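This report goes through a two-part description of the structure shown below.

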Amino acid sequence: MKIKFKIWRQEGPEDKGAIKEYTVNDLTEEMSFLEALDHLNEQLVLKNEEVIAFEHDCREGICGQCGVFINGRAHGPINNITTCQLHMRSFNDGDTIFVEPWRAKSFPVIKDLIVDRSAFDRIIEHGAFISTNTGSAPEANALPIPKAVAESAMDAASCIGCGACVATCKNSSAALFTSAKINHLNNLPQGKAEEHKRVEEMTAQMDIEGFGSCTFTGACEVECPENISIVNIAEMHARLMKAKILG
Amino acid sequence: MHLKFIRKLILALSGLFLCLFLIVHLSANCLLIFPEATARVLYNTYSTTLRESTFIKVISYFLYASIILHVWYALLTTISNRKSKPQKYVVNRTNENSTWSSQNMGLIGILILLFIVVHLANFWARIKLGLGEEVLLDKHGNKDVYEVTYSLFQNFYFVIFYSLLAFPLGLHLHHGLKSAFKTLGFYHKKGLELLAKVSLIYALIISVGFGLIPIIVYFK
């Protein structure tokens, strides 16, 4: 299949950057989207041109490394998948595909389609862990956790930190990511000891990093590869208010 | 600390208060659909009662404060949110993952603010501030607010203006009502599903109600 790519090229953080056009003629429907980009890069190498920089690692939807804005959607036209889970069969022969990096003040472009997501790491550093060393795994039945609680903690824990929520949000809000990390631990007995400190410090860091406020457009939960529900954000708000009141 | 969240809390609380106010306002407007003689007596008695009540006076200050706070903090939030996304996408298909109204609450809000300014100039300024044409008394000695309303809605352009702007109001309320609860930390999943339906019904009743009454009065 023949695809016309319109891809964001940017030398480095200081460069202005621009959309550049590439036409690839010999793609197949079976190729993943990232393989199509690999294929394009191979052609660029043969032409002695600079290859397109993009992030990827596991290529099976679990690591959260890949992530680009494809035709106006985070991770492409299909809901709740990562970029590496997108295949060329989702497009038609002759299509034009726009590929842009995540856009957010807190995610500065490093090069081409790669952005710096270390703002997420700094949010994590502000409490998305349990600070006591608990030694080896305890006996499983010593600490009973109701099924529903375990499920909701696991649902929140499945966030892979890809940044699609921030990318698609018109306010570049990191509320979905931060709330997932907070609720994951605050729902479990192990996380309870530090619950107030955790929610206060992580949400404060979210503001310091320059992410915007959540206005509940709901775009994030449609693009999230892990189906993290927006209800997590409401829960984070409840936890933050509780922490403020109880100290 | 948490300045952005506190702003959102104020937006949610003032918004919810305005949602309550709209129910009372629309209920009163329904008096206008009665036959002329009845409507005049009912509407004028109602508005006189409101003007003379100390309780309503206190509520009215809450109302002014809510409108001002809602506009001011919406402005601050919008400015700071725009700063968080300095560079826009060349292609962005927001219609595929969210509603148009949720993406454009600011724009819709400006339309509603424009409406509020005109609406206050039409009624509040004349009746409460005594600006413009004098409001006459009806035969019971009450200010003839019914006449103010009736004469305004004999003007075709005002009918169009009032009816059309009920539409953005509906869009704003549909997104705003359910979101206010989420901002305030209501996170019961089933409850939120129900709330989404309640928001839709509420927005429909309010916008259709406010949109139809000027047309009904025009053809009276």
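## Domains of chain A

In this predicted model, the C-alpha centres of domain 1 and domain 2 of chain A lie 29 Å apart. Domain 1 covers 3-111 and domain 2 covers 117-246, with bounds that come from an automatic or database domain assignment. Between them, 22 residues of domain 1 of chain A are in contact with 22 residues of domain 2 of chain A, where contact means heavy atoms within 4.5 Å.

## Basis of the values

The model is predicted, and local features need pLDDT of at least 70, side-chain atom pairs count only at pLDDT 80 or more, and totals for chains, interfaces and linings use all residues. Residues are numbered from 1 along each chain as its sequence is written, chains are lettered from A and ligands numbered from 1 in the order in which they are written, and side-chain values use heavy atoms, with hydrogens and water left out.

## Chain A as a whole

Chain A contains nine helices and seven strands. These elements are DSSP runs numbered from the N terminus, with helices being H or I of at least four residues and strands being E of at least two. The C-alpha trace of chain A spans about 60 × 40 × 35 Å along its principal axes. Among contacts in chain A with a separation of 6 or more, 68% are between residues 24 or more positions apart.

Of the 247 residues of chain A, 55% count as buried; buried means under 20% relative accessible area, exposed over 50%, and partly exposed in between, with a 1.4 Å probe and protein chains only. The accessible surface of chain A is about 10800 Å², and 52% of that surface belongs to carbon and sulfur atoms. Such areas come from the Shrake-Rupley method with a 1.4 Å probe, and for residues only the protein chains shown count as cover. Chain A has 24 positive and 35 negative charges, whose mean positions are 5 Å apart. Lys and Arg count as positive and Asp and Glu as negative, while His and the chain ends are not counted. The place of a charge is taken as NZ of Lys, CZ of Arg, CG of Asp or CD of Glu.

## Chain B as a whole

Chain B has nine helices and zero strands, so its elements, read from the N terminus, run α-α-α-α-α-α-α-α-α. Its C-alpha trace spans about 60 × 35 × 35 Å along the principal axes. Of the contacts in chain B between residues at least 6 apart in sequence, 77% join residues at least 24 apart.

In chain B, 42% of the 220 residues count as buried. The accessible surface of chain B is about 12500 Å², with 74% belonging to carbon and sulfur atoms. Chain B carries 21 positive and 9 negative side chains, and the centres of the two sets lie 20 Å apart.

## Cysteines

The count is zero disulfides over all chains, a disulfide being a pair of cysteine sulfur atoms within 2.5 Å. A:Cys162 is in no disulfide, and the nearest cysteine sulfur, that of A:Cys224, is 6.4 Å away. A:Cys162 is buried at 5% relative accessibility. A:Cys220 is in no disulfide either, with the nearest cysteine sulfur, that of A:Cys214, 6.4 Å away. The relative accessibility of A:Cys220 is 11%, which counts as buried.

## Positive phi values

Most residues other than glycine have a negative phi. A:Asn48, not a glycine, has a positive phi near 65°. A:Asn48 sits in the loop between α1 (33-46) and β3 (69-70) of chain A and is exposed, with a relative accessible area of 74%.

A:Ser172 is not a glycine and has a positive phi of about 50°. Its place is the loop between α4 (164-168) and α5 (175-186) of chain A. A:Ser172 is buried, at 0% relative accessibility.

## Two further residues

A:Ile228 is in the loop between α8 (219-223) and α9 (231-246) of chain A and is buried, with a relative accessible area of 3%. Leaving out residues up to four places away in sequence, A:Ile228 touches A:Asp155, A:Ala156, A:Ser158, A:Cys159, A:Leu176, A:Ala180 and A:Glu221. A:Ile228 and A:Met154 are 74 residues apart along the chain, and their C-alpha atoms are separated by 10 Å.

B:Thr78 belongs to helix α3 (residues 54-84) of chain B. B:Thr78 is partly exposed, with a relative accessible area of 35%. From C-alpha to C-alpha, B:Thr78 and B:Leu20 are 24 Å apart in space, and the two are 58 residues apart in sequence.
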